[in-house]
Amino acid sequence: DNLNDKHIAEILPPTLEGLAKFSHLINMDAVMDLLAVLKDLLKRVHSLPLDAALNSVLTAFQTLQGPGRELQIDQKEYVAPLYSQLPRLCTVTDSL
């Protein structure tokens, strides 16, 4: 599992975007597994491309608003990585 792999860097953002878009359709049995994978990704958020990092957070929030609402999970685990990406986002915006 090497997140620096070019193939993963290319496919991860659209995959996460699709998961976020259709998160309301995810089976409740799969929600815990998806949130575990997202939590693992967010532990390495600084090694992800910026779009993948932001899509990881978005997917987590969308999942927690939909089928994950029943789980009563603390969103702090997903907010902290989002705030940690703000400096990167400002740097990218300044370079445009």
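**View 1. Helix H1 passes helix H3 in a left-handed crossing.** In this predicted model, the axes of H1 (residues 6-21) and H3 come within 8 Å and cross at roughly 15°. Because angles under 35 degrees count as roughly parallel, H1 is roughly parallel to H3.

**View 2. Residues of H1 and H3 that form their contact.** From H1, the contact draws on Leu-12, Pro-13, Leu-16, Glu-17, Leu-19 and Ala-20. H3 contributes Asp-51, Ala-52, Asn-55, Ser-56, Leu-58, Thr-59 and Gln-62. Sorted by class, the contact of H1 with H3 comprises seven nonpolar, four polar and two charged residues.

**View 3. Helix H3 and helix H4 cross at roughly 155°.** H3 spans residues 50-65 and H4 spans residues 76-84, and their axes come within 10 Å. Because angles over 145 degrees count as roughly antiparallel, H3 is roughly antiparallel to H4. The crossing of H3 and H4 is left-handed.

**View 4. Residues of H3 and H4 that meet.** On H3, the residues in contact are Leu-54, Val-57, Ala-60, Phe-61 and Leu-64. Their partners on H4 are Tyr-78, Val-79, Pro-81 and Leu-82. By class, the contact of H3 with H4 holds nine nonpolar residues, with no polar and no charged residues.

How values were computed. Residues are numbered from 1 along each chain as its sequence is written. This is a predicted model: local features need pLDDT of at least 70, side-chain atom pairs count only at pLDDT 80 or more; totals for chains, interfaces and linings use all residues. Side-chain values use heavy atoms; hydrogens and water are left out. Axes are lines fitted to C-alpha atoms, for helices over the stretch in contact, and angles run from 0 to 180 degrees between N-to-C directions. Helices (H or I, at least four residues) and strands (E, at least two) are DSSP runs, numbered from the N terminus. Angles under 35 degrees count as roughly parallel, over 145 as roughly antiparallel, 65 to 115 as roughly perpendicular and the rest as oblique. A crossing is left-handed if the near helix is turned anticlockwise from the far one by less than a right angle, and right-handed if clockwise. Contact means heavy atoms within 4.5 Å. Ala, Val, Leu, Ile, Met, Phe, Trp, Tyr, Cys and Pro count as nonpolar, Asp, Glu, Lys and Arg as charged, and the others, Gly among them, as polar.
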